[in-house]
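Welcome! Please take a look at the structure below, and then we can walk through some of its features together.

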2 protein chains.
Amino acid sequence: MFTDLPDASIHSLGEVKLIAAIGEWLGSEVSPPSPCGMGDDCAVIDTSHIDRQLLTTDSVSFGRHFDTTVSAQSAGAKLIKRNLSDIAAMGGHPGPALLNLLCAPNLRLDWLCEFIQGIRQTCERYQVPIVGGDISTLPSGQFTAALSLTGHMRGQTALLRRGAQQGDAIYVTGSLGGSIYHKHYSFEPRLAEGQWLAQSGVCSAMMDITDGIAKDLNALLPGDCAAHMDLPALPLASDAFRRAQETGHSAIEHAFCDGEDYELLLTLRCGTTQAAFEADWKQRFPNTPLTRIGKLEPRIGEARYLDASSKEALPWIRGFEHLSGS
Amino acid sequence: MFTDLPDASIHSLGEVKLIAAIGEWLGSEVSPPSPCGMGDDCAVIDTSHIDRQLLTTDSVSFGRHFDTTVSAQSAGAKLIKRNLSDIAAMGGHPGPALLNLLCAPNLRLDWLCEFIQGIRQTCERYQVPIVGGDISTLPSGQFTAALSLTGHMRGQTALLRRGAQQGDAIYVTGSLGGSIYHKHYSFEPRLAEGQWLAQSGVCSAMMDITDGIAKDLNALLPGDCAAHMDLPALPLASDAFRRAQETGHSAIEHAFCDGEDYELLLTLRCGTTQAAFEADWKQRFPNTPLTRIGKLEPRIGEARYLDASSKEALPWIRGFEHLSGS
């Protein structure tokens, strides 16, 4: 994705022409004309119909969030989808976004064009206009892109991480573990599912799984609760087993700790009829598995995650943590 | 700003503790509690009183936008002020922001704390809450921070770059050139001035000067116009002369080409009484110089900038361009 040929690099274009090229690569649907899009000091957005706006930001870095085994297009798509997953986790609808590119001057122009194509296709699909951005230089061989995404709620209240209570059931969409092979870039943000959950009124808390439930589920747990996990029910991805064979750890451990699943993790309000909720879901989202993986029970002692059958504390206390030495 | 001592680096904290520390360094005024601030998948912002939102993003990179001669606090302040200058250039009021930090693991923790203090003080002053963010890792010795800033108009229409016409006078705030010594980080974004200009109704177009008027003024020029520049009137900063002594180029050239002045460049609608406009300004902003530096005249031939007295084309056709080989 980097080159020593001056004419094939972004350096050859210079900033003004590069920005113009990116605008063209995005197309007029994703890159609307100024002042609704790029070209002025700020983009001007009509928010007259929005009472509650959502704001989120996330980045992808070469060598951290993707490598040369992932196509430029998939890397671009991942940047958008990571942020869409955050909007999904509130039950929101996506809106305009800002794109920051940090590129080495020797980044290949055709690679960047493919990366932008991945952005374009994903933005077209989810109707996300890129209304502004910024380009900075990084040392040779480096590439990072950050997106800041707006969103909004339509009537309903945003589904927060806090709100769960004793007795609530814990659910997860899709399957977990082994995302390192494909899913970390091929996942689909659960937007429709999140929106439906937000309007259903039966969901007490929700988030998306980025670091693995071992770490992420903590954020949903009230201080007086422990999560009693139904381990046999855990929806293990086939790649969790493949990963387990490689590492010698268990598939369950990978489901707990791998992260980058971008599934929804949610709690169902205590007192809701689970069978009716699950039947409703199945009718509405026949292609998205939904699994009850545990329940919030009163906390006794230190343990936050317990095996629901043995009542023993689970050993996995955190998932993937950036910057840390783990 | 980087260290080989593990305990003094951000690496020693890990992501979760680092995010918590940043929240504390920002203080509760700049970092409001979730869901209005950090801590959930998205921040939830009340936009019920906003019809037109402004969105902008800009970054600062170590080695590009600041170096070790600039204090961490000034570098943090610069990040916020660069973005505020974009809001000022529309005549807008600033709102919530998202912060992306891209740091090498060996970044000194105390340096980052000072950087965040610079952000905090500037955000407190301009009432900008930091409502979300993201931390990514860069290779050893690297640091970049990007901010995405929202803003809004209060009633009046945003002042765009397009809108200028033949006969309009060209004005600039403050003085130009030699920003490399101090002004590139010590500048004040012209927010109050921009807001007043937006509601005055006499301004036809506006932008802030980031790359130098040699490049930036182009954006205000309609295709059928050339800018006839009143060169003796150009408000040269004393640092433009200092820079000229170092480089052997003229102070005027530095005023045209240096960039990073973060002054407002605007056109006064043809037919407006200039004396009355200037008197109004002086009363309202006695500490911010405002200078008429030229006029938009019909374009004859290729030249876009002419010396108003000799009618000869000016040789400086562009200012600082990122990524380019200049």
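Let us begin with a pair of side chains: Arg243(B) forms a salt bridge with Glu246(B), their closest N and O atoms lying 3.5 Å apart. (A salt bridge is a side-chain nitrogen of Lys or Arg within 4 Å of a carboxyl oxygen of Asp or Glu.) Because Arg243(B) and Glu246(B) are 3 residues apart in helix H7 (residues 238-247) of chain B, about one helical turn separates them. This is a predicted model, in which local features need pLDDT of at least 70 and side-chain atom pairs count only at pLDDT 80 or more, while totals for chains, interfaces and linings use all residues. Residues are numbered from 1 along each chain as its sequence is written, chains are lettered from A and ligands numbered from 1 in the order in which they are written, and side-chain values use heavy atoms, leaving out hydrogens and water.

**Salt bridges**

- A search of the whole structure finds 32 salt bridges over all chains.
- Glu263(A) and Lys183(A) meet in one of 2.7 Å, N to O.
- That pair links distant parts of the chain, 80 residues apart: Glu263(A) is in the loop between helix H8 (251-257) and strand S9 (264-268) of chain A, and Lys183(A) is in helix H4 (residues 183-186) of chain A.
- Glu263(A) counts as buried at 2% relative accessibility, and Lys183(A) counts as buried at 18%. (Buried means under 20% relative accessible area, exposed over 50%, and partly exposed in between, with a 1.4 Å probe and protein chains only.)
- Lys183(A), Arg190(A), Glu193(A), Asp261(A) and Glu263(A) are linked in a network of salt bridges.

**Backbone features**

- Most residues other than glycine have a negative phi, and most peptide bonds are trans.
- The bond from Ser34(A) to Pro35(A) is cis, with omega near 5°.
- In chain B, the bond from Ser34(B) to Pro35(B) is cis, with omega near 0°.
- Gln127(A) has a positive phi of about 55° although it is not a glycine, and Gln127(A) counts as exposed at 64% relative accessibility.

**How the two chains relate**

Terms used:
Helix = DSSP H or I, 4+ residues; strand = E, 2+ residues; numbered from the N terminus.
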